[in-house]
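Me: Could you take a close look at a single part of this model for me? I would like to see how that part is placed and what its side chains meet.

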Amino acid sequence: YLATGRGLDLNLLSDEELMKLCQEGDEPAFNILFQRYEGPALSFIYRMVGDRGRTEALGQEAFLRIYRDARSYQYPRGFSTWFYTIVRNLCKNELRWRSRHPTVSIEEGLDRSDPGNPASLQLGDNLKSGAADPLERIVSDELTARLQGAVQRLPEVEREVLILKCFQGLKYKE
């Protein structure tokens with residue numbers, strides 16, 4: 001589609017050019033950047049924090065900051081580097097907050113001594129799965145959990161580099 005009154009096809013512009021337009025208040029340019037980066041950003045965030053519930057909230061916060069702080073972007077600096085710096089800092093803040101505020105399972109401390117007793121059941125034992133093949137789902141979930149665990153055990157710098165290179169397609173230099 002064409003930018004308002006400019007006669008430009010925004011889809012043909014680089015990320016840096018789009019961000020320059022965003023600095024001038026061009027909302028359609030921001031929408032193109034959002035479309036380009038939403039999936040990769042959510043993927044990066046999930047791989048960093050490992051929590052689906054927080055991933056979307058952090059993704060929304062990242063794009064809000066991009067929009068709100070557009071003037072701090074320094075053209076022609078690489079947009080993806082600037083963008084992922086913001087996303088990375090949000091993830092680090094989230095992980096730092098979690099380390100200071102650990103969560104406790106609502107099932108912790110339940111009496112599981114008598115499996116036949118309904119009071120001994122865990123809350124999760126009563127949840128139904130929507131998966132067509134439970135065994136396939138279990139294997140897939142276990143493989144995903146093991147991979148996520150391995151990535152989470154990496155030192156922070158190596159984890160960020162791996163995620164940005166392998167999953168986000170950035171160059172090592174970026």
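Reply: Happy to! Let's begin on the outward side of helix 6, where Val157 and Cys166 are exposed (over 50% relative accessible area, with buried meaning under 20% and partly exposed in between, for a 1.4 Å probe and protein chains only). Please keep in mind that this is a predicted model, in which local features need pLDDT of at least 70 and side-chain atom pairs count only at pLDDT 80 or more, while totals for chains, interfaces and linings use all residues. Residues are numbered from 1 along each chain as its sequence is written, and side-chain values use heavy atoms, with hydrogens and water left out.

Helices here are DSSP runs of H or I with at least four residues, numbered from the N terminus. Helix 6 covers residues 156–167. Its 12 residues reach 16 Å from the first C-alpha to the last, close to the expected 16 Å (1.5 Å times one less than the number of residues). After the helix comes Gly169, which has a positive phi, near 75°.

Now turn to the other side. Arg159, Glu160, Ile163 and Leu164 are the buried residues of helix 6. Looking down the helix axis, these buried residues fall within an arc of 120°, so they line one face of helix 6 (the arc is taken over the directions from the axis to the C-beta atoms).

Because Arg88 lies in helix 4 and Glu160 in helix 6, the pair ties together parts that are 72 residues apart in sequence. Arg88 is partly exposed, at 25% relative accessible area.

Arg98 and Asp51 meet through their side chains in a salt bridge at 3.6 Å, N to O. Arg98 is partly exposed at 25% relative accessibility, and Asp51 is partly exposed at 28%. Together with Arg54 and Glu94, these two residues are linked in a network of salt bridges. Across the whole structure, a search finds eight salt bridges.

Key
Salt bridge = Lys/Arg side-chain N within 4 Å of Asp/Glu carboxyl O. Helix = DSSP H or I, 4+ residues; strand = E, 2+ residues; numbered from the N terminus.
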